[in-house]
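Visitor: Could you take me through one part of this model up close? I'd like to hear about the salt bridge and what surrounds it.

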Amino acid sequence: MSEAESASELDFILVVGGWDSSNTAHLLEIPVHAGVPAYHINVPSCISADGSITHRTINGDIVTTPNFIPLDRKAIVGITSGASTPDSVVQECLEQLVLLKSLSPVPA
């Protein structure tokens with residue numbers, strides 16, 4: 001399977017790191033230019049219990065996107081982080097995703 005085929009199966013890529021980090025901003029550009037949805041967050045609380053995510057766009061705007069993760073099926077997520085992002089922050093972001101999925105209603 002090629003990288004393009006693998007990327008097309010992703011629901012989105014989560015980019016974790018400081019909003020002022022040029023390194024992390026470049027990590028966001030890669031999936032965006034490949035046509036893969038991507039969300040750059042700086043703290044786990046950017047992922048809300050209401051199913052929205054507050055993130056930095058490729059042009060630097062901070063926006064909130066509702067219903068960013070599929071709740072009616074499994075989600076296939078890629079994750080990357082800036083070089084200076086602590087592993088614990090990445091772990092907490094993953095925990096937020098798992099918590100959000102676990103609290104979602106089970107489809108009938």
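Guide: Let's start with a cut-off: a residue is called buried when its relative accessible area is under 20%, exposed when over 50%, and partly exposed in between. Keep in mind that this is a predicted model. At 18% relative accessibility, Asp 11 therefore falls on the buried side. Its partner is Arg 73, and the closest N and O atoms of the two are 2.6 Å apart. Arg 73 is partly exposed, with a relative accessible area of 45%. Asp 11 sits in the loop between helix H1 (3-8) and E1, while Arg 73 is in the loop between E4 and E5, so the pair ties together parts 62 residues apart in sequence.

Asn 67 isn't a glycine, yet it has a positive phi of about 50°. Most residues other than glycine have a negative phi. Asn 67 counts as exposed, at 61% relative accessibility.

Now over to the core. The largest nonpolar core has 15 residues, and Leu 14, Ile 41, Ile 47 and Phe 68 touch the most other members. Strand E1 (12-16), strand E2 (38-41) and helix H3 (87-103) each give two or more residues to this core, with H3 supplying the largest share, five. Beyond its neighbours within four places in sequence, Leu 14 has contacts including Tyr 39, Ile 53, Cys 93 and Leu 97. Another core, of six residues, lies apart from this one, and Ile 13 and Val 36 are among its members.

Methods:
Residues numbered from 1 in each chain as written. Predicted model: local features only at pLDDT ≥ 70, side-chain atom pairs only at ≥ 80, totals over all residues. Heavy atoms only, no water. Core = buried A, V, L, I, M, F, W, Y, C linked by side-chain atoms within 4.5 Å. Buried < 20%, exposed > 50% of the residue type's maximum accessible area, 1.4 Å probe, protein only. Helix = DSSP H or I, 4+ residues; strand = E, 2+ residues; numbered from the N terminus. Contact = heavy atoms within 4.5 Å. Salt bridge = Lys/Arg side-chain N within 4 Å of Asp/Glu carboxyl O.
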